[in-house]
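Welcome, and thanks for taking a look at this chain with us.

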Amino acid sequence: MKKKIIIGVSLAVVIVALIAVGVVKNAGSVGSGAVFAVQTGEIKKGDVSSFISANGTVSEIEKSEVYIDNPVKVTKLYVKQNDTVKKGQKLADIDVDDLNTQLETQKLQKKSQELLLKKAKTADTTISTLNHQNEITAAEKDVASKQRAYEQALKNRNEKKALFDADAISKVELDSAENTLRDAEDMLGVSKLTLQAKKDAQNETSKTNSKSKAAQQIDIESQQVAIQTTEVAIKDLENKIKKYKAAMFSTMDGVVSQVNVAEGSYTMAGQPVFVVINPDKLEVKLSINEFNAKLMKPGQAVEISGDSIPDTEKVTGKVKSVAPMAKANTTNTGSSETVIPVVISFDSVTPSIKPGITVSCDIKTVDISNVLTVDLDMLGQDKDDSKYVFVISPDKKTMQKKKIELGTTSDMKAELVGGGLKEGDLVVMNPNPAYKDGARIKIKD
(Lines give C-alpha, C1' and ligand atoms only; values in the text may rest on other atoms or scores of the structure.)
Protein backbone atom coordinates (compact mmCIF):
# COMPACT_ATOMS: atom_id res chain seq x y z
CA MET A 1 0.00 0.00 0.00
CA LYS A 2 2.85 2.38 0.85
CA LYS A 3 4.47 1.56 -2.47
CA LYS A 4 1.33 2.65 -4.38
CA ILE A 5 1.15 5.93 -2.44
CA ILE A 6 4.81 6.70 -3.19
CA ILE A 7 4.29 6.03 -6.91
CA GLY A 8 1.20 8.24 -6.98
CA VAL A 9 3.01 11.11 -5.29
CA SER A 10 5.94 10.75 -7.68
CA LEU A 11 3.66 10.95 -10.73
CA ALA A 12 1.98 14.05 -9.36
CA VAL A 13 5.36 15.70 -8.85
CA VAL A 14 6.37 14.85 -12.43
CA ILE A 15 3.11 16.28 -13.86
CA VAL A 16 3.52 19.49 -11.87
CA ALA A 17 7.12 19.75 -13.06
CA LEU A 18 6.11 19.28 -16.71
CA ILE A 19 3.46 22.00 -16.47
CA ALA A 20 5.94 24.30 -14.82
CA VAL A 21 8.49 23.89 -17.63
CA GLY A 22 6.91 26.64 -19.73
CA VAL A 23 6.09 28.90 -16.80
CA VAL A 24 8.28 31.80 -15.72
CA LYS A 25 7.66 33.30 -12.29
CA ASN A 26 6.48 36.89 -12.36
CA ALA A 27 9.40 38.80 -10.90
CA GLY A 28 8.58 42.45 -10.47
CA SER A 29 6.19 42.72 -13.47
CA VAL A 30 2.85 44.49 -13.28
CA GLY A 31 -0.17 42.28 -12.45
CA SER A 32 -0.39 38.84 -10.94
CA GLY A 33 -0.35 35.18 -12.09
CA ALA A 34 2.09 32.98 -13.98
CA VAL A 35 3.84 34.08 -17.13
CA PHE A 36 4.16 31.33 -19.78
CA ALA A 37 7.26 31.21 -21.96
CA VAL A 38 6.03 30.43 -25.47
CA GLN A 39 7.24 30.12 -29.02
CA THR A 40 5.17 31.69 -31.76
CA GLY A 41 4.44 31.30 -35.41
CA GLU A 42 2.83 33.60 -37.95
CA ILE A 43 -0.45 33.07 -39.78
CA LYS A 44 0.43 33.23 -43.48
CA LYS A 45 -1.04 32.74 -46.88
CA GLY A 46 0.32 29.71 -48.68
CA ASP A 47 -0.37 26.44 -50.43
CA VAL A 48 -1.88 23.31 -48.93
CA SER A 49 -0.74 20.11 -50.62
CA SER A 50 -0.82 16.44 -49.75
CA PHE A 51 0.43 13.38 -51.64
CA ILE A 52 -0.22 9.66 -51.80
CA SER A 53 2.74 7.61 -53.01
CA ALA A 54 2.49 4.26 -54.76
CA ASN A 55 4.63 2.12 -57.05
CA GLY A 56 3.34 0.76 -60.33
CA THR A 57 4.37 -0.67 -63.68
CA VAL A 58 4.35 1.19 -66.99
CA SER A 59 2.21 -0.60 -69.58
CA GLU A 60 1.16 0.08 -73.14
CA ILE A 61 -2.32 1.36 -74.01
CA GLU A 62 -2.32 0.28 -77.64
CA LYS A 63 -1.05 -3.14 -78.64
CA SER A 64 -1.78 -5.83 -81.19
CA GLU A 65 -1.35 -9.50 -80.30
CA VAL A 66 -1.22 -12.11 -83.07
CA TYR A 67 -2.64 -15.51 -82.09
CA ILE A 68 -2.81 -18.68 -84.19
CA ASP A 69 -5.30 -21.22 -82.84
CA ASN A 70 -3.72 -24.24 -84.55
CA PRO A 71 0.04 -24.87 -84.78
CA VAL A 72 1.43 -23.73 -88.15
CA LYS A 73 5.00 -23.66 -89.34
CA VAL A 74 6.74 -20.29 -89.71
CA THR A 75 8.95 -20.44 -92.79
CA LYS A 76 10.28 -16.86 -92.79
CA LEU A 77 10.55 -14.07 -90.21
CA TYR A 78 10.71 -10.49 -91.45
CA VAL A 79 10.95 -8.77 -88.05
CA LYS A 80 12.69 -9.22 -84.74
CA GLN A 81 12.07 -7.90 -81.25
CA ASN A 82 12.30 -4.08 -80.93
CA ASP A 83 11.88 -3.53 -84.69
CA THR A 84 9.72 -0.59 -85.74
CA VAL A 85 6.87 -1.60 -88.05
CA LYS A 86 4.17 0.13 -90.04
CA LYS A 87 0.54 -0.85 -90.39
CA GLY A 88 0.23 -3.48 -93.12
CA GLN A 89 3.91 -4.49 -92.94
CA LYS A 90 4.54 -8.21 -93.35
CA LEU A 91 5.76 -9.94 -90.19
CA ALA A 92 6.29 -13.53 -91.35
CA ASP A 93 5.50 -16.25 -93.88
CA ILE A 94 3.67 -19.35 -92.71
CA ASP A 95 3.20 -22.79 -94.23
CA VAL A 96 -0.50 -23.53 -94.63
CA ASP A 97 -0.01 -26.56 -96.89
CA ASP A 98 -1.52 -28.88 -94.28
CA LEU A 99 -4.60 -26.71 -94.06
CA ASN A 100 -4.83 -26.51 -97.83
CA THR A 101 -4.60 -30.31 -98.03
CA GLN A 102 -7.41 -30.61 -95.49
CA LEU A 103 -9.42 -28.12 -97.52
CA GLU A 104 -8.96 -30.06 -100.76
CA THR A 105 -9.87 -33.29 -98.96
CA GLN A 106 -13.09 -31.75 -97.73
CA LYS A 107 -13.92 -30.47 -101.19
CA LEU A 108 -13.38 -33.94 -102.67
CA GLN A 109 -15.51 -35.41 -99.94
CA LYS A 110 -18.25 -32.97 -100.80
CA LYS A 111 -18.11 -34.05 -104.46
CA SER A 112 -18.35 -37.68 -103.37
CA GLN A 113 -21.32 -36.87 -101.16
CA GLU A 114 -23.02 -35.03 -103.99
CA LEU A 115 -22.62 -38.11 -106.19
CA LEU A 116 -24.06 -40.24 -103.42
CA LEU A 117 -26.96 -37.84 -103.14
CA LYS A 118 -27.55 -38.09 -106.88
CA LYS A 119 -27.40 -41.86 -106.64
CA ALA A 120 -29.87 -41.82 -103.73
CA LYS A 121 -32.30 -39.80 -105.76
CA THR A 122 -32.09 -42.17 -108.75
CA ALA A 123 -31.73 -45.45 -106.84
CA ASP A 124 -34.32 -48.19 -106.83
CA THR A 125 -36.43 -48.80 -103.76
CA THR A 126 -34.10 -51.40 -102.28
CA ILE A 127 -31.92 -49.65 -99.78
CA SER A 128 -28.79 -51.26 -98.40
CA THR A 129 -27.94 -50.72 -94.72
CA LEU A 130 -24.23 -51.44 -95.20
CA ASN A 131 -23.48 -47.92 -96.38
CA HIS A 132 -25.29 -46.48 -93.38
CA GLN A 133 -23.33 -48.63 -90.97
CA ASN A 134 -20.05 -47.50 -92.46
CA GLU A 135 -21.18 -43.89 -92.26
CA ILE A 136 -22.29 -44.34 -88.64
CA THR A 137 -18.92 -45.80 -87.70
CA ALA A 138 -17.17 -42.91 -89.36
CA ALA A 139 -19.58 -40.41 -87.77
CA GLU A 140 -19.05 -41.93 -84.30
CA LYS A 141 -15.32 -41.55 -84.71
CA ASP A 142 -15.86 -37.99 -85.82
CA VAL A 143 -18.06 -37.26 -82.78
CA ALA A 144 -15.43 -38.74 -80.46
CA SER A 145 -12.77 -36.58 -82.10
CA LYS A 146 -14.92 -33.44 -81.93
CA GLN A 147 -15.81 -34.21 -78.28
CA ARG A 148 -12.15 -34.38 -77.34
CA ALA A 149 -11.48 -31.14 -79.16
CA TYR A 150 -14.42 -29.46 -77.38
CA GLU A 151 -13.31 -30.66 -73.93
CA GLN A 152 -9.80 -29.40 -74.55
CA ALA A 153 -11.13 -26.04 -75.74
CA LEU A 154 -13.41 -25.79 -72.68
CA LYS A 155 -10.53 -26.55 -70.34
CA ASN A 156 -8.35 -23.98 -72.06
CA ARG A 157 -11.13 -21.35 -71.92
CA ASN A 158 -11.65 -21.92 -68.17
CA GLU A 159 -7.93 -21.62 -67.51
CA LYS A 160 -7.78 -18.40 -69.55
CA LYS A 161 -10.87 -17.05 -67.72
CA ALA A 162 -9.19 -17.66 -64.35
CA LEU A 163 -6.01 -15.96 -65.53
CA PHE A 164 -7.99 -13.02 -66.96
CA ASP A 165 -9.92 -12.59 -63.70
CA ALA A 166 -6.54 -12.44 -61.95
CA ASP A 167 -5.29 -9.80 -64.45
CA ALA A 168 -2.61 -12.25 -65.61
CA ILE A 169 -3.55 -12.19 -69.31
CA SER A 170 -5.13 -9.76 -71.71
CA LYS A 171 -8.72 -9.63 -72.96
CA VAL A 172 -7.43 -10.59 -76.42
CA GLU A 173 -6.14 -13.93 -75.10
CA LEU A 174 -9.45 -14.63 -73.37
CA ASP A 175 -11.39 -13.74 -76.54
CA SER A 176 -9.21 -16.11 -78.55
CA ALA A 177 -9.99 -18.95 -76.15
CA GLU A 178 -13.71 -18.09 -76.28
CA ASN A 179 -13.68 -18.17 -80.11
CA THR A 180 -11.90 -21.53 -80.14
CA LEU A 181 -14.47 -22.94 -77.72
CA ARG A 182 -17.38 -21.70 -79.84
CA ASP A 183 -15.86 -23.20 -82.97
CA ALA A 184 -15.33 -26.53 -81.21
CA GLU A 185 -18.88 -26.48 -79.85
CA ASP A 186 -20.32 -25.75 -83.29
CA MET A 187 -18.31 -28.56 -84.90
CA LEU A 188 -19.33 -30.98 -82.15
CA GLY A 189 -23.00 -30.06 -82.62
CA VAL A 190 -22.79 -30.61 -86.35
CA SER A 191 -20.97 -33.90 -85.84
CA LYS A 192 -23.61 -35.15 -83.40
CA LEU A 193 -26.33 -34.06 -85.78
CA THR A 194 -24.67 -36.02 -88.57
CA LEU A 195 -24.31 -39.10 -86.37
CA GLN A 196 -27.95 -38.92 -85.33
CA ALA A 197 -28.99 -38.52 -88.94
CA LYS A 198 -26.99 -41.61 -89.89
CA LYS A 199 -28.55 -43.62 -87.07
CA ASP A 200 -32.02 -42.41 -87.97
CA ALA A 201 -31.45 -43.37 -91.58
CA GLN A 202 -30.22 -46.85 -90.62
CA ASN A 203 -33.12 -47.46 -88.27
CA GLU A 204 -35.59 -46.42 -90.87
CA THR A 205 -33.91 -48.56 -93.50
CA SER A 206 -33.92 -51.60 -91.20
CA LYS A 207 -37.60 -51.18 -90.53
CA THR A 208 -38.75 -50.66 -94.04
CA ASN A 209 -36.09 -52.15 -96.36
CA SER A 210 -38.62 -51.82 -99.07
CA LYS A 211 -39.35 -49.75 -102.06
CA SER A 212 -40.76 -47.06 -99.80
CA LYS A 213 -40.55 -43.56 -101.12
CA ALA A 214 -40.30 -42.30 -97.54
CA ALA A 215 -37.18 -44.41 -96.87
CA GLN A 216 -35.61 -43.14 -100.05
CA GLN A 217 -36.36 -39.55 -98.98
CA ILE A 218 -34.69 -40.11 -95.60
CA ASP A 219 -31.58 -41.37 -97.36
CA ILE A 220 -31.59 -38.28 -99.51
CA GLU A 221 -31.98 -35.96 -96.53
CA SER A 222 -29.24 -37.79 -94.65
CA GLN A 223 -26.89 -37.26 -97.53
CA GLN A 224 -27.91 -33.61 -97.69
CA VAL A 225 -26.98 -33.24 -94.00
CA ALA A 226 -23.62 -34.84 -94.72
CA ILE A 227 -23.03 -32.35 -97.52
CA GLN A 228 -23.99 -29.47 -95.22
CA THR A 229 -21.54 -30.75 -92.62
CA THR A 230 -18.76 -30.86 -95.17
CA GLU A 231 -19.65 -27.37 -96.33
CA VAL A 232 -19.28 -26.14 -92.74
CA ALA A 233 -15.85 -27.78 -92.52
CA ILE A 234 -14.82 -26.24 -95.86
CA LYS A 235 -15.91 -22.79 -94.76
CA ASP A 236 -14.10 -23.18 -91.43
CA LEU A 237 -10.85 -24.15 -93.16
CA GLU A 238 -11.14 -21.32 -95.69
CA ASN A 239 -11.70 -18.82 -92.89
CA LYS A 240 -8.72 -20.16 -90.93
CA ILE A 241 -6.37 -19.95 -93.89
CA LYS A 242 -7.54 -16.42 -94.65
CA LYS A 243 -7.29 -15.33 -91.00
CA TYR A 244 -3.85 -16.87 -90.47
CA LYS A 245 -2.44 -15.23 -93.58
CA ALA A 246 -3.92 -11.85 -92.63
CA ALA A 247 -2.45 -12.19 -89.11
CA MET A 248 1.04 -12.11 -90.61
CA PHE A 249 0.64 -8.39 -91.37
CA SER A 250 0.86 -5.73 -88.66
CA THR A 251 -2.47 -4.09 -87.82
CA MET A 252 -0.86 -0.92 -86.44
CA ASP A 253 2.21 1.32 -86.44
CA GLY A 254 4.47 0.54 -83.54
CA VAL A 255 7.34 -1.52 -82.15
CA VAL A 256 7.56 -5.32 -82.02
CA SER A 257 7.80 -6.07 -78.29
CA GLN A 258 7.56 -9.88 -78.55
CA VAL A 259 8.46 -12.52 -81.14
CA ASN A 260 7.60 -15.93 -79.71
CA VAL A 261 8.55 -18.14 -82.63
CA ALA A 262 11.67 -18.94 -84.65
CA GLU A 263 12.02 -19.68 -88.34
CA GLY A 264 11.24 -23.31 -89.03
CA SER A 265 9.32 -23.82 -85.78
CA TYR A 266 5.59 -24.05 -85.12
CA THR A 267 3.38 -21.53 -83.42
CA MET A 268 1.95 -22.39 -80.01
CA ALA A 269 -1.76 -22.14 -79.24
CA GLY A 270 -2.53 -19.72 -76.44
CA GLN A 271 0.71 -17.76 -76.89
CA PRO A 272 0.94 -14.68 -79.10
CA VAL A 273 3.21 -15.15 -82.09
CA PHE A 274 3.87 -11.40 -82.25
CA VAL A 275 3.06 -8.45 -79.99
CA VAL A 276 3.21 -4.95 -81.49
CA ILE A 277 2.84 -1.94 -79.18
CA ASN A 278 2.64 1.83 -79.51
CA PRO A 279 5.54 3.07 -77.30
CA ASP A 280 4.19 6.63 -77.39
CA LYS A 281 0.95 5.76 -75.62
CA LEU A 282 1.72 4.44 -72.16
CA GLU A 283 0.12 4.45 -68.73
CA VAL A 284 0.88 3.33 -65.17
CA LYS A 285 -1.28 0.81 -63.35
CA LEU A 286 -1.41 1.15 -59.56
CA SER A 287 -3.05 -0.78 -56.75
CA ILE A 288 -4.18 1.63 -54.01
CA ASN A 289 -5.33 0.50 -50.56
CA GLU A 290 -8.88 1.22 -49.46
CA PHE A 291 -7.93 4.01 -47.05
CA ASN A 292 -6.09 6.08 -49.65
CA ALA A 293 -8.37 5.25 -52.58
CA LYS A 294 -11.20 7.35 -51.18
CA LEU A 295 -8.99 10.43 -51.57
CA MET A 296 -8.35 9.87 -55.25
CA LYS A 297 -10.27 11.06 -58.28
CA PRO A 298 -9.62 11.48 -62.01
CA GLY A 299 -7.69 14.59 -62.99
CA GLN A 300 -5.41 14.80 -59.94
CA ALA A 301 -1.81 15.77 -60.74
CA VAL A 302 0.89 13.10 -60.42
CA GLU A 303 4.68 13.37 -60.19
CA ILE A 304 6.43 10.27 -61.58
CA SER A 305 9.96 9.06 -60.85
CA GLY A 306 11.93 5.85 -61.15
CA ASP A 307 15.37 4.27 -61.31
CA SER A 308 15.43 4.52 -65.11
CA ILE A 309 14.29 8.18 -65.13
CA PRO A 310 17.10 10.76 -64.76
CA ASP A 311 16.86 13.03 -61.71
CA THR A 312 16.98 16.04 -64.04
CA GLU A 313 13.92 14.84 -65.96
CA LYS A 314 10.54 15.94 -64.65
CA VAL A 315 7.84 13.44 -65.57
CA THR A 316 4.25 14.30 -64.74
CA GLY A 317 0.84 12.83 -65.33
CA LYS A 318 -2.72 12.71 -64.12
CA VAL A 319 -5.08 10.20 -62.55
CA LYS A 320 -6.86 8.77 -65.58
CA SER A 321 -9.33 6.48 -63.82
CA VAL A 322 -10.23 4.99 -60.45
CA ALA A 323 -11.84 1.56 -60.74
CA PRO A 324 -15.45 1.32 -59.51
CA MET A 325 -14.74 -2.08 -57.93
CA ALA A 326 -12.06 -3.37 -55.59
CA LYS A 327 -10.06 -6.55 -56.06
CA ALA A 328 -7.95 -8.87 -53.94
CA ASN A 329 -4.20 -8.44 -54.26
CA THR A 330 -1.43 -10.72 -52.94
CA THR A 331 1.39 -8.88 -51.17
CA ASN A 332 5.09 -9.77 -51.23
CA THR A 333 4.63 -11.62 -47.94
CA GLY A 334 1.89 -13.80 -49.42
CA SER A 335 -0.98 -12.17 -47.53
CA SER A 336 -4.06 -10.81 -49.25
CA GLU A 337 -5.25 -7.20 -49.23
CA THR A 338 -8.11 -5.36 -50.85
CA VAL A 339 -7.01 -2.72 -53.34
CA ILE A 340 -8.55 -0.34 -55.86
CA PRO A 341 -6.99 -0.34 -59.37
CA VAL A 342 -5.96 3.17 -60.46
CA VAL A 343 -4.60 4.16 -63.87
CA ILE A 344 -2.19 7.08 -64.34
CA SER A 345 -1.73 8.78 -67.73
CA PHE A 346 1.46 10.59 -68.79
CA ASP A 347 1.37 14.27 -69.76
CA SER A 348 4.14 13.39 -72.23
CA VAL A 349 6.17 10.24 -72.84
CA THR A 350 9.95 10.70 -72.83
CA PRO A 351 12.56 8.21 -74.11
CA SER A 352 13.28 7.04 -70.55
CA ILE A 353 9.67 5.87 -70.11
CA LYS A 354 9.40 2.29 -71.34
CA PRO A 355 6.80 -0.46 -70.94
CA GLY A 356 7.59 -2.77 -68.05
CA ILE A 357 9.63 -0.39 -65.88
CA THR A 358 8.65 0.25 -62.27
CA VAL A 359 7.92 3.84 -61.31
CA SER A 360 6.95 5.71 -58.17
CA CYS A 361 3.88 7.94 -58.40
CA ASP A 362 3.22 10.83 -56.02
CA ILE A 363 -0.46 11.67 -56.43
CA LYS A 364 -1.44 15.15 -55.29
CA THR A 365 -4.74 14.55 -53.47
CA VAL A 366 -4.82 18.04 -51.93
CA ASP A 367 -3.74 21.07 -53.93
CA ILE A 368 -4.96 24.58 -53.11
CA SER A 369 -2.91 27.78 -53.26
CA ASN A 370 -2.83 31.34 -51.83
CA VAL A 371 -5.11 30.62 -48.88
CA LEU A 372 -4.81 31.53 -45.22
CA THR A 373 -3.09 28.61 -43.48
CA VAL A 374 -2.31 27.40 -40.00
CA ASP A 375 0.44 24.96 -39.08
CA LEU A 376 -0.90 21.78 -37.50
CA ASP A 377 1.44 22.19 -34.51
CA MET A 378 -0.35 25.47 -33.68
CA LEU A 379 -3.58 23.61 -32.97
CA GLY A 380 -5.15 22.52 -29.73
CA GLN A 381 -8.24 20.36 -29.38
CA ASP A 382 -11.06 20.56 -26.84
CA LYS A 383 -13.02 17.63 -25.46
CA ASP A 384 -15.72 18.19 -28.09
CA ASP A 385 -13.02 17.81 -30.80
CA SER A 386 -13.26 21.48 -31.74
CA LYS A 387 -9.96 23.09 -32.72
CA TYR A 388 -8.46 26.24 -31.21
CA VAL A 389 -5.30 28.36 -31.23
CA PHE A 390 -3.81 30.88 -28.78
CA VAL A 391 -3.38 34.25 -30.47
CA ILE A 392 -0.77 36.67 -29.15
CA SER A 393 -2.13 40.08 -28.18
CA PRO A 394 -0.88 43.20 -30.03
CA ASP A 395 1.28 44.19 -27.03
CA LYS A 396 2.68 40.64 -26.97
CA LYS A 397 1.95 40.29 -23.25
CA THR A 398 -1.07 37.95 -23.24
CA MET A 399 -2.65 35.22 -25.33
CA GLN A 400 -6.30 34.71 -26.22
CA LYS A 401 -7.87 31.34 -26.98
CA LYS A 402 -9.80 31.33 -30.28
CA LYS A 403 -11.80 28.52 -31.77
CA ILE A 404 -11.18 28.06 -35.47
CA GLU A 405 -12.62 26.17 -38.41
CA LEU A 406 -10.42 24.22 -40.81
CA GLY A 407 -10.92 23.48 -44.47
CA THR A 408 -8.60 21.37 -46.58
CA THR A 409 -5.89 19.71 -44.51
CA SER A 410 -2.52 18.30 -45.56
CA ASP A 411 0.23 16.55 -43.61
CA MET A 412 1.67 19.81 -42.20
CA LYS A 413 -0.86 22.58 -42.79
CA ALA A 414 -4.56 23.28 -42.87
CA GLU A 415 -6.69 25.89 -44.57
CA LEU A 416 -8.29 28.46 -42.20
CA VAL A 417 -11.94 29.02 -43.06
CA GLY A 418 -13.27 30.42 -39.79
CA GLY A 419 -12.14 31.94 -36.50
CA GLY A 420 -11.42 35.55 -37.34
CA LEU A 421 -7.66 35.16 -37.80
CA LYS A 422 -5.84 37.26 -40.37
CA GLU A 423 -2.54 37.18 -42.15
CA GLY A 424 0.31 38.24 -39.86
CA ASP A 425 -1.30 37.18 -36.57
CA LEU A 426 1.12 35.58 -34.11
CA VAL A 427 -0.01 32.23 -32.71
CA VAL A 428 1.45 30.04 -29.96
CA MET A 429 3.26 26.95 -31.22
CA ASN A 430 2.59 23.57 -29.56
CA PRO A 431 0.01 24.87 -27.03
CA ASN A 432 0.18 23.28 -23.59
CA PRO A 433 -3.06 22.00 -22.01
CA ALA A 434 -2.24 24.18 -19.00
CA TYR A 435 -2.50 27.39 -21.04
CA LYS A 436 -5.53 29.56 -20.25
CA ASP A 437 -7.39 32.20 -22.17
CA GLY A 438 -5.92 35.62 -21.28
CA ALA A 439 -2.80 34.15 -19.67
CA ARG A 440 0.33 36.27 -19.58
CA ILE A 441 3.21 35.29 -21.81
CA LYS A 442 6.86 35.84 -22.54
CA ILE A 443 7.91 35.11 -26.13
CA LYS A 444 11.02 32.99 -26.39
CA ASP A 445 13.77 34.14 -28.66
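Residues 220-247 are 100% helix and 0% strand, with their end C-alpha atoms 40 Å apart. UniProt, in an unreviewed entry, lists residues 220-247 as "coiled-coil region"; such annotations may be inferred rather than shown by experiment.

A word on the basis: this is a predicted model, where local features need pLDDT of at least 70, side-chain atom pairs count only at pLDDT 80 or more, and totals for chains, interfaces and linings use all residues. Residues are numbered from 1 along each chain as its sequence is written, and side-chain values use heavy atoms, leaving out hydrogens and water.

The chain has six helices and 22 strands, counted as DSSP runs (H or I, at least four residues, for helices; E, at least two, for strands). With a radius of gyration of 40 Å, well over the 22 Å from the globule rule for 445 residues, the chain is more spread out than a compact globule. That radius is taken over C-alpha atoms, and the rule is 2.2 Å times the number of residues to the power 0.38. Along the principal axes, the C-alpha atoms fill a box of roughly 140 × 60 × 45 Å.

Here is the domain assignment, whose bounds come from an automatic or database source:

| Domain | Residues |
|---|---|
| domain 1 | 34-49 + 370-443 |
| domain 2 | 52-61 + 278-368 |
| domain 3 | 64-94 + 249-275 |
| domain 4 | 102-245 |

The centres of domain 2 and domain 3, taken over C-alpha atoms, lie 30 Å apart.

Among contacts (heavy atoms within 4.5 Å) between residues at least 6 apart in sequence, 75% join residues at least 24 apart.
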